[in-house]
Amino acid sequence: MSLSDTIRKTLVPVRPEGYPFIAVFFAVAVLLGFLWSGLFWIGLALTAWCAYFFRDPDRYVPVDDGLVISPADGEVSAVGPAVPPEELMLGAEPMLRISVFMNVFSCHVNRAPMRGRISRIAYTSGKFLNADLDKASQENERNGIVIDGPHGSIGCVQIAGLVARRILCWAEDGEALMAGERFGLIRFGSRVDVYLPDGAVPRVATGQTAIAGETVLAVFDERQDAIHAVRR
């Protein structure tokens, strides 16, 4: 491997949405440095953390229509039946819900759990409770998308947390997404819920670490077809 390849693999790209925050962190570090040099180094460390927070690494996405891929990095905080938020219009019956909680050190770029076409995007204002709480699914500020895929309609909900104050979703209604494709970002601590129709079988347990675009959360069949991966 050449030196340039090594550097390219070591330096993870940063989302453009993070540049203003990184600039502010660095400017504050410089100003604090005029007061005391020790504060500059503390500010510089926080600037490095901010850049790390907005990292956007490539992922190798398993390509198979029977797989549900994690939309977020973090810890699987819930696996079980739950009624989807009313604004998704997925009905009043419980669906399989798998929740992934992101802390402030997780990569916060969100990815599509399956391929399909977006049939609904619904933003709902709300509270900023700890996103790890079960009631955060219904009470917190959130943005939900419904993806019509090979196995029916699934819901994917970005939920703000204690620190998060902005949910970004750059996907548009009617847009076609590939599994693992980036569709949004939540700033500073949050959670993503996936609601799956009948036939989905979970393949993760609470407490397990998930990697966006790579970890298989659930399957819709037990086929043993060869699965390949694509870089996204």
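Guide: Gladly, and we can begin with pairing: two strands pair if DSSP finds at least two bridges between them. Helices (H or I, at least four residues) and strands (E, at least two) are themselves DSSP runs, numbered from the N terminus. Here strand 6 (residues 116–124) and strand 7 run antiparallel, joined by seven bridges. Please keep in mind that this is a predicted model, in which local features need pLDDT of at least 70 and side-chain atom pairs count only at pLDDT 80 or more, while totals for chains, interfaces and linings use all residues. Residues are numbered from 1 along each chain as its sequence is written, and side-chain values use heavy atoms, with hydrogens and water left out.

Visitor: Which residue of strand 7 stands opposite Ile118?

Guide: That is Ile147. On to the next neighbour: strand 7 is joined to strand 8 (residues 152–160) by eight bridges, and these two also run antiparallel. Arg142 has Ile159 in strand 8 as its bridge partner. A hairpin of two residues links strand 7 to strand 8.

Visitor: Why is strand 7 called largely enclosed by the rest of the structure?

Guide: The idea to know is burial: buried means under 20% relative accessible area, exposed over 50%, and partly exposed in between (1.4 Å probe, protein chains only). Strand 7 (residues 142–149) is largely enclosed because six of its eight residues are buried. For the chain, buried residues make up 45% of the 232 residues.

Visitor: Which residues have the most contacts inside the largest nonpolar core?

Guide: A nonpolar core is a set of buried Ala, Val, Leu, Ile, Met, Phe, Trp, Tyr and Cys residues joined through side-chain atoms within 4.5 Å. The largest has 29 residues, and Val68, Ile98, Ile147 and Leu196 have the most contacts inside it. Elements giving two or more residues to this core include strand 7, strand 8 and strand 12 (190–196). Strand 4 gives the most, with four residues. Apart from this core lies another, of nine residues, with Cys50 and Phe54 among them.

Visitor: And how should I read a helix? Which residues of helix 3 are buried?

Guide: Start with length: the expected span is 1.5 Å times one less than the number of residues. Helix 3 (residues 37–53), with 17 residues, reaches 25 Å from its first C-alpha to its last, close to the 24 Å expected. Its buried residues are Gly38, Gly43, Thr47, Cys50 and Phe53, and they pack against helix 2 (19–35) and strand 11 (182–186).

Visitor: Which side chain makes a polar contact with that of Asp56?

Guide: A polar contact is a pair of N or O atoms within 3.5 Å; within protein, one must be able to donate a hydrogen and the other to accept it, and residues adjacent in sequence count only if both atoms are side-chain atoms. The side chain of Asp56 has such a contact, of 3.3 Å, with that of Arg15. Asp56 sits in the loop between helix 3 and strand 1 (60–63), and counts as buried because its relative accessibility is 8%.

Notes: Contact means heavy atoms within 4.5 Å.
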